[in-house]
Amino acid sequence: MAGQFGSKFASHYATSSFRNGCWTPGEIVPVAKLLLHPAAHVLHYGSTCFEGLKAYRHEDGSVHIFRLDRHVERMRNSARLLCLPEPDEEHLSRTICGLVAASRDEVPAYPSALYLRPVLIGVDPNIGSAARPSDDALLYVLASPVGEYFQAGENPLRLWLEDRQMRTTPEFGEVKTGGNYASALRHVMQAKENHGVDQVLFCPNGDVQETGAANFLLLNDEAVITKRLDGSILPGITRASILELARQAGYRVEERDIDIAEMLEWVKTGEAALSGTAAVLAGVGALLHGTHEYPVNGGQIGANTKRLRTLLMDIHSGRRPDSAGWLTKI
Ligand SMILES: Cc1ncc(COP(=O)(O)O)c(C=O)c1O
């Protein structure tokens, strides 16, 4: 799959508007530029949220969306917390599924996938509405054929531990909204430039949270540990899936606070990984903190990381039965 992740689009997208208190039925139309009033609420007051999920093609040609219900639920939660009109579950699911059905021929073969990007924006043209929600909104869904995020021979990731700055506010981390990514960006750019790392692991006051766009997990032969969902981090759907598969495989799963000192002790013998829709489960090879570099699992991607990633990928690809009903067939 040529090109950068997310830079190539399927020919059509889905749109639906919220006007006078009602949603218009989802329409599938060719991808074209949006016409927005320059005073649109989203452009001034950041009334926007989005999702990222994937549809996979199985060997028999059938197409399946992974954990559609969870992504719909998370987007509705984001909309609610941003005071945006909240699309009901059926409307949002139907709009996403309609686009996948219309784009069926553009779903690449596994391990490539069709990445789906539902977006909700406030469109009221009123620059005086800083303290008022947008009455009208636009929902649209883009589709982007994407390759495997990490190719074979992938390098373990190097992470900078940011122990003062937060990615976003303590309450808003669970919202998938543009402002959270904007507020993390400067810290990520600085760490990349100053320390040559791949990502920043946000650990304000020593509390190990997540990176700019993925959840963080500690693993070894017995346990998988990750921060509890307290509103400060995104409730990752890959995170939830990996934890469920880890439980079934006999690991002890702990969702709780982790501090930097415990993490640095852990990685002397254990593994660390990032989870997310794009990367699935990516091994971490080093943590950088202050002037020190701490190798993780001797700088290698660990066996438990590989094992859990394979378990999840086998469900994505249809190689293992979907006993939990995580796939929606289109
Ligand atoms: C901040 C953040 N954390 C975690 C994740 C992982 O979430 P998911 O596994 O649902 O893709 C993402 C990716 O969407 C993210 O942007």
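On the domain 1 side that touches domain 2, strand S4 (48-50), S5 and H2 are the elements that give two or more residues. Helix H2 provides the largest share of that side, 6 residues. The count of salt bridges between domain 1 and domain 2 is 0.

The structure is a predicted model. Its domain assignment places domain 1 at residues 12-146 and domain 2 at residues 157-316. The C-alpha centres of the two domains are 27 Å apart, and 21 residues of domain 1 are in contact with 19 residues of domain 2. About 1,800 Å² is buried between domain 1 and domain 2, with carbon and sulfur atoms giving 60% of this area. Within domain 1, Phe 50, Phe 66 and Arg 74 lose the most area to domain 2, and together they account for 33% of what that side buries.

## Nonpolar cores

The largest nonpolar core has 29 residues, of which Cys 49, Ala 55, Ile 65, Leu 68, Ile 96, Leu 116 and Leu 120 touch the most other members. At least two residues of this core come from each of strand S1 (12-19), strand S5 (53-57), strand S6 (63-66), helix H2 (68-81), helix H3 (89-102), strand S7 (113-122) and strand S8 (137-146). H3 supplies the largest share of the core, 5 residues. Apart from this core lies another, of 24 residues, which includes Ile 225, Ile 258, Val 267 and Ala 282.

Residues up to four places away in sequence being left out, Cys 49 touches Met 75, Ser 78, Ala 79, Leu 82, Leu 84, Pro 118, Val 119, Leu 120, Lys 176 and Thr 177.

His 187 belongs to helix H4, residues 178-195. Its relative accessibility is 7%, so His 187 counts as buried, the cut-off being under 20%. With neighbours within four places in sequence set aside, His 187 is in contact with Gln 165, Met 166, Val 200 and Phe 202.

## Salt bridges

The structure holds 19 salt bridges. In one of them, the side chains of Glu 86 and Arg 76 meet with an N to O distance of 3.1 Å. Because Glu 86 lies in the loop between H2 and H3 and Arg 76 in helix H2, the pair ties together parts that are 10 residues apart in sequence. Glu 86 counts as partly exposed, at 29% relative accessibility.

Arg 247 and Glu 255 form a salt bridge in which the closest N and O atoms are 3.5 Å apart. Both partners are partly exposed: Arg 247 has a relative accessible area of 39%, and Glu 255 is at 35% relative accessibility. In the salt bridge of Glu 262 with Arg 256, the closest N and O atoms are 2.8 Å apart. Here Glu 262 is partly exposed, with a relative accessible area of 28%, and Arg 256 counts as partly exposed at 25% relative accessibility. A network of salt bridges links Asp 207, Lys 227, Arg 228, Asp 230 and Asp 257.

Conventions:
Residues numbered from 1 in each chain as written. Predicted model: local features only at pLDDT ≥ 70, side-chain atom pairs only at ≥ 80, totals over all residues. Heavy atoms only, no water. Core = buried A, V, L, I, M, F, W, Y, C linked by side-chain atoms within 4.5 Å. Buried < 20%, exposed > 50% of the residue type's maximum accessible area, 1.4 Å probe, protein only. Helix = DSSP H or I, 4+ residues; strand = E, 2+ residues; numbered from the N terminus. Contact = heavy atoms within 4.5 Å. Domains from an automatic or database assignment. Buried area = accessible area lost by both parts, 1.4 Å probe. Salt bridge = Lys/Arg side-chain N within 4 Å of Asp/Glu carboxyl O.
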